[in-house]
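The points are grouped by topic and are meant to be read beside the structure.

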Amino acid sequence: MKKLFALLAVALLAAGLTGCKTYASRSPAPKKLLVVTTTTGFRHSSIPTLEKMLTQLAQTSGEFTVDFVEQPPGKPPTPRNDAPPAQKAAFQIAEAQWEATLKVTLQQLSPANLKNYDGVVFASTTGDLPIPDRQGLLDWVKAGHAFIGLHAATDTFHGWRGYIDMVGGEFKTHGRQVSVECLNQDPANPATAALGKSWTITQEEIYQFVNYDPAKVHELLILDKHPATGAPGRFPVSWCKDYGAGKVFYTSLGHREDLIDPDPDLKNRVNSVAISQAYRAHVLGGIEWALGIKK
């Protein structure tokens, strides 16, 4: 009889443990994003606001966590052309030291470290970043991971065609900040589901692209007028695409702080709080799509 009770107890315990495992599987662990905000070219003043937004989206959604690869301090200012030779020489030494620090910082993009993440975000990165393994980054995305590019992510690695092809386009130029009506090309996509048939932004810096083929991406937002001249045409604003087994989401929007931050007391606000909230929904949906959380 004791043996029978013992067997029953073991069976009940096993059933209980199985039940716990089934219950836990309904709440998957948050995905992990590595957010890169380093620059070697122009540095946007809105980068801290993008970092703040991504942190808040991670916290409020509970769907992912964020770690940051941030700009090392101490980047020396470029001297004037008429600066004395000694000042230029000192700058070259300081710049070399800072670039060495940046290279160490970007070791976080090594294939070995990327194994710890489900996706990367390039948030207004610019220039040629000294990442440790360029092909390793592409292979990692292609193997089934996410790449999310915000604003100046297309103003990065201009000489690296593999990166441009992965993202889907390359920044060419922009004009003055203008009001635009973005036309929604896929209201079912998580990145554009909250935007309606069109979404008007009061003021933003609008990018124009080269090395862009609409047949190789899935367009999400476009303009039907040139942002500077108003001439009819088709001008991409945001898109997504498959890259091997991985997924890429890109939005060219994200220059202005008052587009990114819905704080009603933000100084010099031009875009409404509602427009900022729509931008956040756009970015969150793009992240969710790229990570496979939503389809």
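Predicted model: local features only at pLDDT ≥ 70, side-chain atom pairs only at ≥ 80, totals over all residues.

- Helix α5 spans residues 134–142, and its buried residues are G136, L137, L138, W140 and V141.
- At the start of α5, the backbone nitrogen of Q135 is approached by a side-chain oxygen of D133, to within 3.4 Å.
- Just after α5 comes G144, which takes a positive phi of about 130 degrees.

**Aromatic pairs**

- The count of aromatic pairs comes to twelve.
- One of these pairs is formed by W239 and Y250; it is tilted, with 4.8 Å centre to centre and 45 degrees between the planes.
- This pair links distant parts of the chain, eleven residues apart: W239 belongs to strand β10 (residues 232–243) and Y250 to strand β11 (residues 246–251).
- W239 and Y250 are both buried.
- A cluster linked by ring pairs takes in F171, Y207, F209, Y212, W239 and Y250.

**Largest pocket**

- The volume of the largest pocket is about 160 Å³.
- Its lining consists of R161, I164, D165, G168, N211, Y212, D213, K216, V217 and K241.
- Which helix gives the most to the lining of the largest pocket? Helix α6 (residues 161–167) does, with three residues.
- Sorted by class, the lining of the largest pocket holds five charged, three nonpolar and two polar residues.
- Y212 is one of the residues that line the largest pocket, and Y212 also belongs to the aromatic cluster.

**Largest cavity**

- How many cavities of 30 Å³ or more does a search of the whole structure find? The search finds one.
- The largest cavity holds about 30 Å³ of space.
- Residues G175, R176, V178, I206, Q208, P227 and A228 line the largest cavity.
- By class, four nonpolar, two polar and one charged residues make up the lining of the largest cavity.

**Q71, a buried loop residue**

- Q71 is placed in the loop between β2 (64–69) and α3 (85–105).
- Is Q71 buried or exposed? Q71 counts as buried because its relative accessible area is 17%, and the cut-off for buried is under 20%.
- The backbone nitrogen of T39 is reached by the side chain of Q71 at 2.9 Å.
- Leaving aside residues up to four places away in sequence, Q71 touches T37, T38, T39, R43, W98 and L102.

**D263, a partly exposed loop residue**

- The loop between α7 (257–260) and α8 (273–290) contains D263.
- D263 counts as partly exposed because its relative accessible area is 30%, and this class lies between the cut-offs of 20% and 50%.
- D263 and Q277 are 14 residues apart along the chain, and their C-alpha atoms are separated by 9.6 Å.

Technical notes
Residues numbered from 1 in each chain as written. Heavy atoms only, no water. Helix = DSSP H or I, 4+ residues; strand = E, 2+ residues; numbered from the N terminus. Buried < 20%, exposed > 50% of the residue type's maximum accessible area, 1.4 Å probe, protein only. Polar contact = N/O pair within 3.5 Å; in protein donor to acceptor, adjacent residues only side chain to side chain. Contact = heavy atoms within 4.5 Å. 1 Å grid on protein atoms, 1.4 Å probe; cavity = no way out; pocket = protein on both sides within 12 Å on 5 of 7 lines; lining within 4 Å. Points joined across faces, edges and corners; volume = space filled by probe spheres on them. Nonpolar A, V, L, I, M, F, W, Y, C, P; charged D, E, K, R; others polar. Phe/Tyr/Trp six-rings, centres within 6.5 Å; stacked < 30°, edge-to-face > 60°.
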